[in-house]
Amino acid sequence: MLDSQAAAPQIVIRPATPADVRAIGRLGALLVQTHHDFDPQRFLAATERTQEGYGAFLRSQLREPNIIVLVAERDGAVLGYTYAGIEGVDYMSLRGPAGVLYDIVVDPAERGRGIGRMLLDATLAALEARGAPRVVLSTAERNAPAQHLFARAGFRRTMIEMTRESNGH
């Protein structure tokens, strides 16, 4: 008799490859739409070309030396991804060198199973292995689940973005 745990498909966190571009493009388009739903004035709207464009952009990043794109995969299916990088001093952000987490997204059907935390932990480890003295990220004001994930991983609030629309626009 097989142990049900041993028979359960394992989730693997690994570097993204060009073969993952379609899946991460779909998830990137979901990220765009989710943020637009949070605040349509602040965030871009997804279009019929967002999936392809986002995938193409992330594909262009795969070989960049200071970029990390990881995917969570189970049985050949991409369940989520992260996109992060190493940046130097940024006077606009008033900070020294840092790892920056640009994107983290998990397919909605797979949320609540620890995949986001697995991706986050692997990304933090990869950034630290490349010498990042700290990791910063931005999260939408209304994205409470992501904020909770980040707080549990040791992130603290350090900046608040504020947006003001120009009159008549």
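The expected span of a helix is 1.5 Å times one less than its number of residues. Helices (H or I, at least four residues) and strands (E, at least two) are DSSP runs, numbered from the N terminus. The model is predicted: local features need pLDDT of at least 70, side-chain atom pairs count only at pLDDT 80 or more, and totals for chains, interfaces and linings use all residues. Residues are numbered from 1 along each chain as its sequence is written, and side-chain values use heavy atoms, with hydrogens and water left out.

**Select the helix α3, residues 50-61**

With twelve residues at 1.5 Å a residue, α3 should span 16 Å, and this agrees with the 16 Å between its end C-alpha atoms. Which residues of α3 are buried? They are Thr50, Tyr54, Gly55, Leu58 and Gln61. Here buried means under 20% relative accessible area, exposed means over 50%, and partly exposed lies in between (1.4 Å probe, protein chains only). Seen down the axis of α3, the buried residues fall within an arc of 125°, so they line one face of the helix; the arc is that of the directions from the helix axis to the C-beta atoms. Now display what covers these buried residues, which includes α2 (21-38), β2 (67-74), β3 (77-87) and β4 (98-106).

**Select Asp20**

Asp20 lies in the loop between β1 (12-15) and α2. Is Asp20 buried or exposed? Asp20 is buried, with a relative accessible area of 5%. Contact means heavy atoms within 4.5 Å. Leaving aside neighbours within four places in sequence, the contacts of Asp20 are Arg14, Pro15, Val71 and Val78.

**Select Gly85**

The next stop, Gly85, is in strand β3. Its relative accessible area is 0%, and Gly85 is therefore buried. Beyond its neighbours within four places in sequence, Gly85 is in contact with Asn66, Ile67, Ala98, Gly99, Val100, Tyr102 and Leu127.

**Select Arg95**

Arg95 is found in the loop between β3 and β4. Arg95 has 14% relative accessibility and so counts as buried. Display side chains here: that of Arg95 makes a polar contact with the side chain of Glu87, at 2.5 Å. A polar contact is a pair of N or O atoms within 3.5 Å; within protein, one must be able to donate a hydrogen and the other to accept it, and residues adjacent in sequence count only if both atoms are side-chain atoms. Apart from neighbours within four places in sequence, Arg95 is in contact with residues including Val100 and Val136.

**Select Gly114**

Gly114 is in the loop between β4 and α4 (115-129). At 36% relative accessibility, Gly114 counts as partly exposed. Select Leu149 as well: Gly114 and Leu149 are 35 residues apart in sequence, and their C-alpha atoms are 9.7 Å apart in space.

**Return to the whole chain**

How many helices and strands does the protein chain have? The chain has five helices and five strands, and from the N terminus on its elements run α-β-α-α-β-β-β-α-β-α. Along the principal axes, the C-alpha atoms fill a box of roughly 70 × 40 × 30 Å. Finally, colour by burial: buried residues make up 37% of the 169 residues in the protein chain.
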